[in-house]
Amino acid sequence: MKKTITKALCLVCAGALALGAAGCSKSADSSSASSTETSDYGSAADYDYENFSYSDGLDENGYWEGVKALDYVTLPEDFESITFNRADIEPSEEDVQTEIDSLLSDHATEKQVTDRAAADGDTVNIDYAGSVDGVAFSGGTYSGYSLTLGSGTFIEGFEDQIVGHTPGETFDVNVTFPDGYSDSTDSEGNTVVLSGKKAVFSVTLNYISEDVLPELTDEWVDENYGESDDVHSVVELQELYQNLLFNQNLQNAVMDYLLANSTFKELPKEITDYQVKQCLNYYYTMANYYGYDLDSFVQAAAGYESADALLDAMSASITTYAKEALIYQAVAEQLDIVPTQEQIDTYSAYTSTYGENYCTMVALMDAVSSTLTENAVVN
């Protein structure tokens with residue numbers, strides 16, 4: 001239950017990108033951005049994002065290779081002991097309750113409802129089998145898929161056509177694949193073109209799923225968190241989240257203060273390029289998974305006309321995260337901070353995915369955050 005409260009350094013570009021199984025992905029909505037805009041960071045074609053690795057450009061100490069951060073940023077004089085008003089840091093009762101509500105949701109049990117029609121917002125369990133021109137295609141069939149109606153997860157119109165049906169019914173859903181969708185194959189391996197094609201899905205609505213939340217009692221808290229977290233009552237649970245949120249708010253306030261009061265000469269290209277490539281690689285990887293080219297996926301999943309338009313929209317965030325990267329390393333350089341072995345071990349399970357140097361950098365961020373928050377003054 002206990003959370004790692006590190007503020008993420010590297011740019012996370014994932015928005016509402018959950019797409020359905022092959023053959024049912026969301027259609028394009030390019031109204032939110034224009035492909036004619038030019039990013040401060042150029043074009044996606046300028047970057048080798050396809051071969052991005054999280055530990056690229058980082059050394060074994062979690063520092064940016066060849067970059068001395070203090071050459072690029074001047075920290076405020078009071079950075080070692082920043083003063084804050086407690087009222088600006090203390091979480092509200094509503095904030096704490098939101099966290100507890102989320103915890104209860106994580107422990108919800110499923111109730112299968114079969115005696116009413118599906119409505120917008122319901123989570124339904126469905127089987128479906130799709131065909132184009134009467135030909136079934138690979139990835140177009142699934143049994144027991146859990147879909148929230150109105151989420152925009154599947155192709156435009158798919159979810160709307162389930163609304164009003166009752167569990168046990170089998171019916172047709174008619175949709176059109178978005179342009180740019182990759183080809184599939186039939187049962188004999190022949191190519192089935194999906195881009196821009198009309199498709200028919202035979203859908204069986206199995207049941208509507210409703211969450212049943214546990215009752216928040218001392219007994220429930222003790223049973224679930226007494227041994228693992230030494231939390232035995234509702235009051236102790238509230239105090240735990242009060243402290244977690246306080247620390248998180250303090251960490252965020254420290255970084256916000258440093259961003260606002262530090263002086264930046266320039267941003268090293270090594271760091272901004274890293275942020276750009278991480279962002280583009282995320283979408284590129286998702287595009288490959290769902291059978292899209294990058295531009296088509298960005299249109300379908302995020303509503304931008306192209307990867308360049310996405311990059312333009314992310315320019316301010318890229319700049320902010322690059323500044324944060326400099327600040328973390330500059331503080332570590334100034335105060336000679338190194339992560340403890342315990343902090344490094346926290347991320348040992350992720351080294352195969354992200355690389356040792358990246359995990360060391362995240363541990364270094366934890367060490368810097370811990371030092372700055374411990375020395376901060378909250379009145």
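Before anything else, I note that contact means heavy atoms within 4.5 Å. This is a predicted model, where local features need pLDDT of at least 70, side-chain atom pairs count only at pLDDT 80 or more, and totals for chains, interfaces and linings use all residues. Residues are numbered from 1 along each chain as its sequence is written, and side-chain values use heavy atoms, with hydrogens and water left out.

**Entry 1: overview.** I looked up the secondary structure and found 11 helices and 11 strands; these are DSSP runs numbered from the N terminus, helices being H or I with at least four residues and strands E with at least two. Of the 379 residues, 44% are buried (under 20% relative accessible area; exposed is over 50%, partly exposed in between, with a 1.4 Å probe and protein chains only). I also see that, among contacts with a separation of 6 or more, 78% come from residues 24 or more positions apart.

**Entry 2: helix H6.** Which residues of H6 are buried? In this helix, residues 294–302, I list Leu294, Ser296, Phe297, Val298, Ala300 and Ala301. Those buried residues pack against H5 and helix H7 (307–313). Just after H6, I find Gly303 with a positive phi of about 80°.

**Entry 3: Tyr257.** I found Tyr257 in helix H4 (residues 234–261). Tyr257 is partly exposed, at a relative accessible area of 24%. Neighbours within four places in sequence aside, Tyr257 is in contact with Pro76, Asp78, Ile82 and Phe84. Tyr257 and Phe84 are 173 residues apart in sequence, yet 9.8 Å apart in space, C-alpha to C-alpha.

**Entry 4: Gln343.** My last stop is Gln343, in helix H9 (residues 341–345). What does the side chain of Gln343 reach? I see it reach the backbone nitrogen of Thr340 at 2.9 Å. Leaving aside neighbours within four places in sequence, Gln343 is in contact with Ala363, Asp366, Ala367 and Ser370.

Conventions
Polar contact = N/O pair within 3.5 Å; in protein donor to acceptor, adjacent residues only side chain to side chain.
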